[in-house]
Amino acid sequence: MSGETETIEIVAQETPIVEKPALDPETTVFIGNVALDATVEDLEKLFKDDYESVEVDIPEKEHKGAHVPLSKHAFVKFPVTIDFDDIKTKFDLAVINDRAIHIKRVRSPDELRGANRGRFGRGSFRGRGRGRGSFRGRGRGGFSRGPKIPLSEMERSTDTIYINNVPFETTKTELAEFFGTNEDSVVLPMRRLRDEVTRRSVPSDKYNRGMAFIKFDNLSGSIADKAGEFDGKSLGDRTLVVDVAVVKPALPEQAEDEETAVDSENKESA
C-alpha cells in the first residue's frame, strides 16, 4: 500500500436564494381552502362590489407522489389600507365553487422571522417521526370520504336553486319575498362565531354565510329557467350568482345503511 494520501477536492455549488416579497398585513389577506378549480377571476369577483380592484396571487402547489391536495390558497392585496376584522366578517366562509374560503391575517416580516427562529428550536415538535406520540392519520381508525366527484358530474336538483354572493345581513324573510316563496322554503346558513366566555362556536344572529338555497314547491317550469331568471339580479349592494343546486351524494356508510334497510324490508315483505 502506498504511503501517499490522495486529496479529493470538493467544490460546493452555491444555490441562489430567491427572496419572496414581504406581505403587508395592512393591505393583504390570506385566503385558505380555495377550491382547486377556482380562478383569479372568481376571487376578484367576490371582492369587486366592495373594492374597485384587487390583486390576486394563487401560488402553484406541488403534488408529491400520489397525494393530490383538496384545496389551494391565495393572497389578496387591496388597493387601500384594510380593516381586517371588517373583511373577515364580510367574506369569511363565502362559498366559491362549493368550498367555503377561510380568511386569515398575513404575518409581517418581523413575525415571520420570530416564527422561523422558534421553529426548530429546543422543544419543537415536527410530527414526522414514528416514535411514541407521533400521529400520522393513516393507521387504524382513519376515515376517508373517497375521491371528490366533479361538480359537472353531480346530480342536479329538480326543485332547488343555489344562490351565492348573498348580502351578509340578508334575512330569510327578505329572501322569501325576493324569490316569491315562503320562509320554510329558504335555507340560509349562518356564520359561526366564537363565544369569548365559553370558547364554543355559536351561530351568528345577524350574519349569514353569503349563500342560500331556495326550494320551489309545485314548480310549473324548469328549475334551470328559474335559476336563469334570478342569476345576475341585484339584492342590496350585491349581484347574485344563481345556479341549480346539486344533490349531495350519500357517504359510503350512509349508502350501506340504506341498502341494508331495503334488504330488511324486502325480507319482511317476503
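Start by selecting Gly232: this glycine follows helix α5 and has a positive phi, near 90°. (Helices are DSSP runs of H or I with at least four residues, strands are runs of E with at least two, and both are numbered from the N terminus.) You're looking at a predicted model, where local features need pLDDT of at least 70, side-chain atom pairs count only at pLDDT 80 or more, and totals for chains, interfaces and linings use all residues. Residues are numbered from 1 along each chain as its sequence is written, and side-chain values use heavy atoms, leaving out hydrogens and water.

Now select α5 itself, residues 223–230. Its buried residues (under 20% relative accessible area, 1.4 Å probe, protein chains only) are Ile223, Lys226, Ala227 and Phe230. Look down the axis: they fall within an arc of 100°, so they line one face of the helix. (The arc is taken from the directions from the helix axis to the C-beta atoms.) Show β7 (156–164), α4 (172–179) and β14 (241–246) too, which are among what covers those residues, with contact meaning heavy atoms within 4.5 Å.

At the N-terminal end of α5, pick Ser222, the cap: one of its side-chain oxygens sits 3.1 Å from the backbone nitrogen of Ala224.

Next stop, Ser204 in strand β10 (201–208). Ser204 counts as buried because its relative accessibility is 7%. Beyond its neighbours within four places in sequence, Ser204 touches Met190, Arg191 and Leu193.

Note on methods. Buried < 20%, exposed > 50% of the residue type's maximum accessible area, 1.4 Å probe, protein only. Polar contact = N/O pair within 3.5 Å; in protein donor to acceptor, adjacent residues only side chain to side chain.
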